[in-house]
Amino acid sequence: MTPAVNPAMTSLVAHAPGRVNLIGDHTDYAGGLALPMAIDLGTTIIGHRGGDQLRLHSEQFRTAMMEALPIMDTQIEPIWARYVAAVATDMRLSLGFDGTITSTLPLGAGLSSSASLEIAVALALGFDGTPMELALLAQRSEFAAVGVPCGLLDQFACAFGRDGHALLIDFTASSIEPVLMPENLEIIVVHSGVERTLAGSAYSERRAACETAASIIGELPTCAIGDVDAISDPVVRRRARHVITECERVREGAHALRSDDGAGFGSLMIESHASLRNDFEVSTPEVDDLVARLISIPGVHGARMTGAGFGGCVVAACKPGAIPEPTSITGRGWKVQAAGPARVEMLEV
Ligand code: GLA
């Protein structure tokens, strides 16, 4: 949908993709591995820079109208405007902006709607730096806006997306390797219908448990699975086991994609979901049912929750045409393609 703006006032279009994580969740903040891809759903801002007011109009959501250049304040309404204010504050914005914002992403559903918003806003407001600096700005803004101590999975995927490729990310080395998506593999995302919020304490608790585990046995991605026996607390032990086994699945998953082994990749997704459900305890019964339903469909290689969990979306890897109508499963579903990075285009006026 093209947002309605006065063309005479339009001077730029900023777009930031969302992402789907194919495998490797709750590993980023532990310095582990993940394999996301930027997707062809995202946030678009059309408008022009100038003046001393920051105004973003949204037809989908309540409009954020900031009467003056904003200072980040956790009471700002609507909530999405807090992300905008956090980015503007971090950038020490001194020039205003007037524009319209639209999103094709389901919000708060595990497809990085907030990182996509922050990055699109930063580009629209004139961010001028490297993709790495852009990702770090978005991570700081997420924390300032809603207090979530997130890793860099979402921001890296959005800032470094590559058309037709997944990204093998090593969060200790900060290295990103593109992995070509096999032509005969379709990626389908289905909404479980359960809305989730990341701001809850559960995410922070998982992160803290991983830090406790690392203080006992060392950096989790470098540990062997037997090392978890040294952790006496059973919950912390399970959390560590998830991170260690998930990093191994990411390695094998990248290999499966490179070998055009959709079935092998699907089995790893199913194992990943079981680990997130049993050891990391971030799934929900509705999400588990949806995964079970998807993997019972002929031609679906595998499925798993994606992102932080606690509801939101499920991702499935399928033979082409296995799920011809992604909306037919729960009413909200998408066939997604691996997309390029966030970008801004200056227009002639
Ligand atoms: C959210 C966070 C990411 C990552 C995922 C789980 O999307 O923003 O940093 O931790 O959850 O993999």
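This is a predicted model: local features need pLDDT of at least 70, side-chain atom pairs count only at pLDDT 80 or more; totals for chains, interfaces and linings use all residues.
The strands S9 and S10 pair in the antiparallel sense, over 5 bridges. Next to them, helix H7 (residues 262-278) packs on the sheet and touches both S9 and S10. The direction of H7 makes about 25 degrees with that of S9.

How many strands does the open sheet have, and in what order? There are 4 strands, in the order S9-S10-S8-S11, and their pairing is antiparallel. Strands S9 and S11 stand at the edges with a single partner strand each, so one side of each has no neighbour in the sheet. On average, neighbouring strands here are turned by 20 degrees against each other, direction ignored.

| Element | Residues |
|---|---|
| Strand S9 | 300-305 |
| Strand S10 | 313-318 |
| Strand S11 | 333-336 |

In soluble globular proteins, nonpolar side chains tend to be buried together. In this model, the largest nonpolar core has 67 residues, and Val 20, Leu 22, Leu 35, Met 37 and Ile 187 have the most contacts inside it. Helix H6 (residues 234-258) supplies the largest share of this core, with 9 residues. A second, separate core has 43 residues, including Ala 34, Ala 88, Phe 97 and Ala 124.

Which residues does Val 20 touch, leaving out those up to four places away in sequence? Among them are Pro 36, Met 37, Leu 111, Ile 187, Thr 306 and Val 336.

Methods. Residues are numbered from 1 along each chain as its sequence is written. Side-chain values use heavy atoms; hydrogens and water are left out. A nonpolar core is a set of buried Ala, Val, Leu, Ile, Met, Phe, Trp, Tyr and Cys residues joined through side-chain atoms within 4.5 Å. Buried means under 20% relative accessible area, exposed over 50%, partly exposed in between (1.4 Å probe, protein chains only). Helices (H or I, at least four residues) and strands (E, at least two) are DSSP runs, numbered from the N terminus. Contact means heavy atoms within 4.5 Å. Two strands pair if DSSP finds at least two bridges between them. Axes are lines fitted to C-alpha atoms, for helices over the stretch in contact, and angles run from 0 to 180 degrees between N-to-C directions.
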